[in-house]
Amino acid sequence: MVVLSNPGLDQISLLGSPKVIACSPCVPVIDLSKPDAAASVVEACEEFGFLKVTDHGIPVELMQRLEAEAVKFFSLSTVEKERSGPPDPFGYGNRKIGANGDVGWLEYLLFAVASKPLSYTFMDFLREPAACSFSSALKEYLAAVRTLASKVLELMAEGLDIEPRDVISGLVMDENSDGIFRLNHYPPCPVLRGYNYGLTGFGEHTDPQVISVLRSNNSTGLQISLKDGSWVSVPPDEESFFINVGDSLQVLTNGRFRSVKHRVVASGWESRVSMIYFFGPPLAEKIAPLPQLMGEGEHSLYKEFTWDEYKKAAYKSRLADNRLGLFEKREVTDDQRL
Ligand SMILES: C=C1C[C@]23C[C@@]1(O)CC[C@H]2[C@@]12CC[C@H](O)[C@@](C)(C(=O)O1)[C@H]2[C@@H]3C(=O)O
Ligand SMILES: O=C(O)CCC(=O)C(=O)O
Ligand SMILES: [Fe+2]
């Protein structure tokens, strides 16, 4: 049993790092300029629910510009940062994740993103004239990542051989779509150094949306869970993007794509900065398997629900809960029949 003498860490769980295997070839890497990209994207979504994309056309300077603005914000005093908090659900947050008791070794900014015109939750710190460079980097970044997400979602439709090609992208590019953008900062944790343990940065969970597009600095920490339940570390790559299949896409594909369980484990040494754009559909959108994907006689594995209903249920849950479980149709066995 390891006891760390730091009052701030009391409720944050320690994870034994030796159980995790570093496994770079495990993470599928897809070069978007290659002719077989569509098929490879589908294969990765089925097997991992996770992929890394390269040759995406977004300049690394844009990612670094926003990262530098985030670092500038997170370097402000706690009092200044807390002027933009608490996250209810949008704003600045520290340690507490969501409203149901989850905690992690991080601080973050959460923005709601609207499509038309492209805009995001306005926070106190953005009023300062010095925040002008933050706003312009954020707006440019969001616009670029929207184009990338649209491309990846169209490749999915192509790989699945369904028409129209914008059947999935259209849901999250709609003017009423429900986007969220998150900037996470996992500070170094000196008391951990020397222990063979990691600290929970962001506990295990799946993302509720359709897809999430993540970029981080060159720090380790992100881990994904494979089909067999083992955890693997994702080698960092500050020039690429990582795509997570979310719960809604698992349902849209009737379970063919896998909503990936992932987490962040803080090592103690590095400062991790990640930026994630979560693509959700309009609140009133029905989340159900796409008819184009249903084979003859195939039934939906899920009860019918709207994104609004799913989101409300998700926000009442703890991070590690199996949120989709509530919406799965259970097999009715002979003994349960009347
Ligand atoms: C504990 C929670 C945090 C979260 C809302 C929830 O109740 C369950 C889902 C969590 C999650 C995970 C993906 C995204 O980071 C997020 C913004 C989202 O949409 O769902 C977070 C929520 C949050 O941090 O508020
Ligand atoms: O910070 C990261 O790298 C991942 C965080 C995450 O999974 C999330 O914010 O939903
Ligand atoms: Fe996540």
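Colleague: How many nonpolar, polar and charged residues make up the shell around ligand 2?

Modeller: In this predicted model, that shell has six nonpolar, four polar and three charged residues. Its 13 residues include Arg-182, Tyr-186, His-262, Arg-272 and Ser-274, which come nearest.

Colleague: What makes Arg-272 a polar contact of ligand 2?

Modeller: A polar side-chain atom of Arg-272 lies 2.6 Å from an oxygen atom of the ligand. A polar contact requires a pair of N or O atoms within 3.5 Å, so this pair qualifies.

Colleague: Why does the pair formed by Asp-207 and ligand 2 also count as a polar contact?

Modeller: The distance from a polar side-chain atom of Asp-207 to an oxygen atom of ligand 2 is 3.4 Å. The limit is 3.5 Å, and therefore the pair is counted. For Asn-184, an N or O atom of the side chain is 3.1 Å from an oxygen atom of ligand 2. Of the 300 Å² that ligand 2 exposes when taken alone, the protein buries 98%.

Colleague: Where does ligand 2 sit?

Modeller: Ligand 2 sits in the largest pocket. The elements giving two or more residues to its shell are β8, β9, β14 and β15, and β15 gives the most, with four residues.

Colleague: Which space does ligand 1 take?

Modeller: Ligand 1 takes the space of the largest pocket. Two or more residues of its shell come from each of β6 (102–114), β8 (178–186), β9 (197–205) and α7 (307–315). By class, this shell has nine nonpolar, five polar and four charged residues.

Colleague: What lines the largest pocket?

Modeller: The lining has 37 residues, with Ile-97, Arg-182, Phe-202, Tyr-315 and Leu-319 nearest the centre. Two or more of the lining residues come from each of β6, β8, β9, β14 (262–266), β15 (272–280) and α7. The pocket has a volume of about 650 Å³.

Definitions and conventions:
Residues numbered from 1 in each chain as written. Chains lettered and ligands numbered in written order. Predicted model: local features only at pLDDT ≥ 70, side-chain atom pairs only at ≥ 80, totals over all residues. Heavy atoms only, no water. 1 Å grid on protein atoms, 1.4 Å probe; cavity = no way out; pocket = protein on both sides within 12 Å on 5 of 7 lines; lining within 4 Å. Sits in = over half its atoms within 2 Å of the grid points. Nonpolar A, V, L, I, M, F, W, Y, C, P; charged D, E, K, R; others polar. Points joined across faces, edges and corners; volume = space filled by probe spheres on them. Near = heavy atom within 4 Å. Polar contact = N/O pair within 3.5 Å; in protein donor to acceptor, adjacent residues only side chain to side chain. Areas by Shrake-Rupley, 256 points an atom, 1.4 Å probe, with all protein chains shown as cover.
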